[in-house]
Amino acid sequence: VTVLQGLIAAEIDARGPLDFAEYMQLALYHPEHGYYTAGPQRTGWRGHFLTSPEIDPAFGELWARAAEDLWTACGRPDRFPLIEVGPGEGGLAAALVEAADEEFARAVELHLIELNASARERQSVRLGSGTVWHDSIDDVGSVECGCIFANELLDNLPVRVVEMRDGELLECFVDHSDGALHEVFGRPRDDFPSAYLACIGVDLPEGHRVEIPVATQGEIARIAGILSKGAVIVIDYGISAHEIADRPSGTLVAYSETGVDHDVLVSPGDRDVTSHVNWTSVLDWFNGAGFKTAGPITQREVLHRLGARDLDARLRVDYDDAVASGRGRDAVAALSRRQALGALMDPGGLGGLQVVIATRGIATPGWMTG
Ligand SMILES: C[S@@+](CC[C@H](N)C(=O)[O-])C[C@H]1O[C@@H](n2cnc3c(N)ncnc32)[C@H](O)[C@@H]1O
């Protein structure tokens, strides 16, 4: 039993069963013992799962082309804030800055939204001076023209969980007994879940379970609120409202050192808890905030449009050159980079993540249309 599980049990004793969003907030973001707040590295080769930025700098290198394109669409201003929310180990930010060509690099101002002090320290080792850290997106202030990235952020925001049972929408709460946390079902405490489902036009079939994003709209409003002109790029696992019926058990999963499973109530604080983003809502919320949206399009397709094939050809030349001149170590490095690029494009893996762009004051870039 983790320390956090004991704290959650005490909270349940004091207040009654928690709704799943309350549980998830504690499991991931409890100030001392939350999965993302406790300190250890979670993403990357030393963590529990690999995200695109940690696979290879190719991800950031390709996105640097996109960022430069957006800077050009904004009229190549002298200052161009690049803001990343939830930068993890900093791989995307580091590669973006590294790959930016000279003129663009001079305009780039890097802002990272990171709460975790140990993550900040690890990020600062990878990023030179000039990076600015903030506790919250609100602290960035208003951005006249810039670009905001959120890679695998929204899937970690708290969700409530409901299920249709005998024609009644019931909510899943978290209770405890005999040293374990378990689900109990009851009437929702308010009409947020039913109003949300009505809003996205979903009539939940009997026996089906679905997650209700309770924090995402607020997060999107805060992100959208700071940007007068430019783009927000959201990359995540997601489904659209009409695909909910294809996922009768919902999309919640847990990641830990033993891999991925459905035991989201086991060892809170030691395991990631994540659910698919609802793209229909994400688009609605950005549109409601005055943005134009495009996507979702698969990461595979977008990286392809941003020049993944050229990058692969370049790595192939590096490999051939290294082999021809007997530089074995360089050959292995180029080969493993080509494999990493393949993993970023893999439709059954990271390439299957989806990308949404929300723009204000500029046209939708060509790599996100069609
Ligand atoms: C799955 S990790 C992704 C990290 C990184 N973007 C990557 O791709 O490797 C999600 C991160 O988002 C952070 N996060 C969640 N909510 C946040 C918020 N409101 N503001 C900033 N970061 C947040 C978490 O702490 C965690 O580090």
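**Notes on a predicted model**

1. Let's start with two helices. Helix α4 (residues 58-73) and helix α13 (residues 328-345) have axes that come within 10 Å and cross at roughly 65°. As background, a pair of packed helices is described by the angle between the axes and the distance between them. On the α4 side, the residues that meet the other helix are A58, F59, E61 and L62, and their counterparts in α13 are R337, L341 and L344. Sort the residues of this contact by type and you get 5 nonpolar, no polar and 2 charged. Keep in mind as you read on that this is a predicted model.

2. Now move along to the loop between α4 and β2 (80-85), where you'll find R76. The phi angle of R76 is near 45°, which is a positive value in a residue other than glycine. Is R76 buried or partly exposed? R76 is partly exposed, at a relative accessible area of 34%.

3. There's another residue of this kind to look up. E152 has phi near 50°, again a positive value in a residue other than glycine. E152 sits in the loop between β5 (146-151) and β6 (159-165). E152 counts as buried because its relative accessibility is 12%, and the cut-off for buried is under 20%.

4. While you're checking the backbone, have a look at G295 and P296. The peptide bond joining G295 and P296 is cis, with omega about 0°. P296 belongs to strand β16 (residues 292-298).

5. Next, the ligand. How many residues are around the ligand? There are 18, and those that come nearest are Y29, T51, G86, N151 and N156. For T51, an N or O atom of the side chain is 2.5 Å from an oxygen atom of the ligand. The side chain of N151 also has an N or O atom by a ligand oxygen, here at 2.7 Å. With E219 the ligand atom is a nitrogen, and a polar side-chain atom of E219 lies 3.5 Å from it.

6. Helix α2 (residues 20-29) is worth a slow look. In α2, 7 of the 10 residues are buried, so the helix is largely enclosed by the rest of the structure. The buried ones are F20, A21, Y23, M24, L26, A27 and L28. What covers them? The cover includes α1 (3-15), β1 (18-19), β6, β7 (168-177), β8 (180-186) and β14. At the N-terminal end, α2 is capped by D19, which has a side-chain oxygen 3.0 Å from the backbone nitrogen of A21.

7. Strand β12 (residues 253-256) and β14 run antiparallel and are joined by 3 bridges. To see the pairing for yourself, find Y255, which stands opposite D272 in β14.

8. Here's a strand to compare with your own picture of a sheet: β10 (residues 230-236). 7 of the 7 residues in β10 are buried, so this strand is largely enclosed by the rest of the structure. G230, V232, V234 and D236 point one way, while A231, I233 and I235 point the other way, and all are buried. Which strands does β10 bridge to? β5 runs parallel to β10, with 6 bridges between them, and strand β17 (residues 354-360) runs antiparallel to β10, with 7 bridges. For landmarks, I233 in β10 is the bridge partner of F149, and D236 has Q354 in β17 as its bridge partner.

9. Last one: Q123, in helix α7 (residues 117-126). Q123 counts as buried because its relative accessibility is 0%. The side chain of Q123 makes a polar contact of 2.9 Å with the side chain of E114. Setting aside neighbours within four places in sequence, Q123 is in contact with P87, G88, E89, G90, L112, E114 and W133.

Terms used: Residues numbered from 1 in each chain as written. Predicted model: local features only at pLDDT ≥ 70, side-chain atom pairs only at ≥ 80, totals over all residues. Heavy atoms only, no water. Pairing = 2+ DSSP bridges. Helix = DSSP H or I, 4+ residues; strand = E, 2+ residues; numbered from the N terminus. Axes fitted to C-alpha atoms, helices over the stretch in contact; angles between N-to-C directions. Contact = heavy atoms within 4.5 Å. Nonpolar A, V, L, I, M, F, W, Y, C, P; charged D, E, K, R; others polar. Buried < 20%, exposed > 50% of the residue type's maximum accessible area, 1.4 Å probe, protein only. Near = heavy atom within 4 Å. Polar contact = N/O pair within 3.5 Å; in protein donor to acceptor, adjacent residues only side chain to side chain.
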